[in-house]
Number of protein chains: 2
Amino acid sequence: MLDLAILGLLQEQELHGYEIRRRLRDELGLFANISFGSLYPALSRLEAAHAVAVAESGGTATTAPSMPFTGSLSGERAGLRARRAAAPRGTKRSRKVYRITDQGLQLFDQLLDADEPAGTDDARSFGLRLAFARHLAPQARLALLERRRAQLTRRLATDQVRVAGPTLDVYARSLVEHGTEATEHDIAWLDRLIESERQKQAAPRSENHEPHAGDAVTAMKGINP
Amino acid sequence: MLDLAILGLLQEQELHGYEIRRRLRDELGLFANISFGSLYPALSRLEAAHAVAVAESGGTATTAPSMPFTGSLSGERAGLRARRAAAPRGTKRSRKVYRITDQGLQLFDQLLDADEPAGTDDARSFGLRLAFARHLAPQARLALLERRRAQLTRRLATDQVRVAGPTLDVYARSLVEHGTEATEHDIAWLDRLIESERQKQAAPRSENHEPHAGDAVTAMKGINP
DNA sequence: CATTGATATATCGAACTGATATATCGTGCA
DNA sequence: TGCACGATATATCAGTTCGATATATCAATG
């Protein structure tokens, strides 16, 4: 789930961990306060999978791109010092700037368009996908919205069973009822989005999906006929 | 978080794991689909902490309450067979029925009234507490509602910063705006609950908090003056 | 020039999820 | 009768995420 978020942000520009966290929190509002204990391992994971790479875009001068091998410094620390030495002036501080790779772009599209894993925190998962919906082909976008709508409709049904069921106390009852209202509100919102999407597809004015600028990936996705 | 839910349910009656899951899902709607990988470890945890105990309430006849020591059966399996043998008719099947202990009641009150851990999934945490709000002293209940209200108000402020900030694309923007609306809706709901609580406290008719029937715990909580 | 606070990366243990394994019971159906 | 199947039930595993904490640097402040 977090992988998708990271890849989505990196698609717009190179970023370092701390900044990724800031954007997720301040701009998107998803992942209210994503923990570094999730973020950094996720970045390592993605790096290991060659979906992202350290950009090392450095400060002003692009000095030797590969670590100059300082010799005596012991293992782990050496890496840190090397990075610090590589970009000392101009940029804020020693930081690992990541960029997305071609494989990363592929992975992103794959994750974004994949069926939601049913069980997990639906709202988060959907929210994240919607936030990056501009990267989806128009029909995939519509499918996402409709899948979510169906999900909420199902929830509404179970909610009705709940209120009809064993008598809940005042507070639990209020909670369930408020939940139902919120779901209805969500569905109405989705209906507006779906309507808007349909219109956009009926009258396609100029470019409506990102200037993705010919990356081989879109061909795989079946934008087609 | 899950501990609170378990203790809350067990407060009403003895239950086994599978049934706890069912209630959380079907009746409360919290924890959409709580995993057994969380539930059973949580029960073990609580049992280790002496907050719950296996009730072994058995079927029709309360045969020997302690395992009769079948001898040859090897370790783990022995426990299962013993339980199975202990309550073969009447009840559904071999199951571990848990009951809450005095320490468990104490822990429940402590968890329920504790300050929310700020970071975590607020909605879930609050929802859970509200579902068991009847176990709280009137002022603690009011405090819970007001704490939540303040939380949402803060969120509303950051949301406004978000929309004012860097221009989001159509979808991300719609997401944020809908989130804001939902938060406003939540606050209005809380206001209604708070109002209702205030009235209840002003005109206290008969018993308004559970027939808790003199357990020593309430004394600790400072219900007082 | 020491202290504090913001920026930044990293790691640990505990908790939760999704998947899977195992066993038993009840029911339908051949 | 028997036996396949689905529901009930407990348990465990690997992979993620979270909250806390450690460490280091830089900027501002007094």
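I began with a charge and a ring: the charged end of R21(B) sits over the ring of F36(B), 4.6 Å from its centre. I note that this is a predicted model.

**Confidence.** I looked up the pLDDT of chain A and found a mean of 76, with 70% of its residues at 70 or more. Over residues 57-92 of chain A the pLDDT stays under 50, and the model has 18 contacts there beyond four places in sequence. Residues 211-225 of chain A are also below 50, with 17 contacts beyond near neighbours in sequence.

**Rings.** I searched the whole structure and got eight aromatic pairs over all chains. F36(B) and Y40(B) are stacked, because their ring centres are 5.5 Å apart and their planes are at 20°. Both residues belong to helix α3 (residues 36-48) of chain B, four residues apart, which is about one helical turn. F36(B) is partly exposed at 29% relative accessible area, and Y40(B) is partly exposed at 36%.

I then checked F126(B) and W189(B): with centres 6.3 Å apart and planes at 80°, the pair is edge-to-face. F126(B) is in helix α6 and W189(B) in helix α8 of chain B, so the pair ties together parts 63 residues apart in sequence. Both F126(B) and W189(B) are buried.

**Sheet.** In chain B I found an open sheet of three strands, ordered β1-β3-β2, with antiparallel pairing. β1 (15-16) and β2 (52-54) of chain B are at the edges with a single partner strand each, so one side of each has no neighbour in the sheet. β2(B) pairs with β3 (residues 97-100) of chain B over three bridges. I looked up A53(B) as well; its bridge partner in β3(B) is R99(B).

Methods: Residues numbered from 1 in each chain as written. Chains lettered and ligands numbered in written order. Predicted model: local features only at pLDDT ≥ 70, side-chain atom pairs only at ≥ 80, totals over all residues. Heavy atoms only, no water. pLDDT = per-residue confidence, 0-100. Contact = heavy atoms within 4.5 Å. Pairing = 2+ DSSP bridges. Helix = DSSP H or I, 4+ residues; strand = E, 2+ residues; numbered from the N terminus. Phe/Tyr/Trp six-rings, centres within 6.5 Å; stacked < 30°, edge-to-face > 60°. Buried < 20%, exposed > 50% of the residue type's maximum accessible area, 1.4 Å probe, protein only. Lys NZ or Arg CZ within 6 Å of the ring centre and 35° of its normal.
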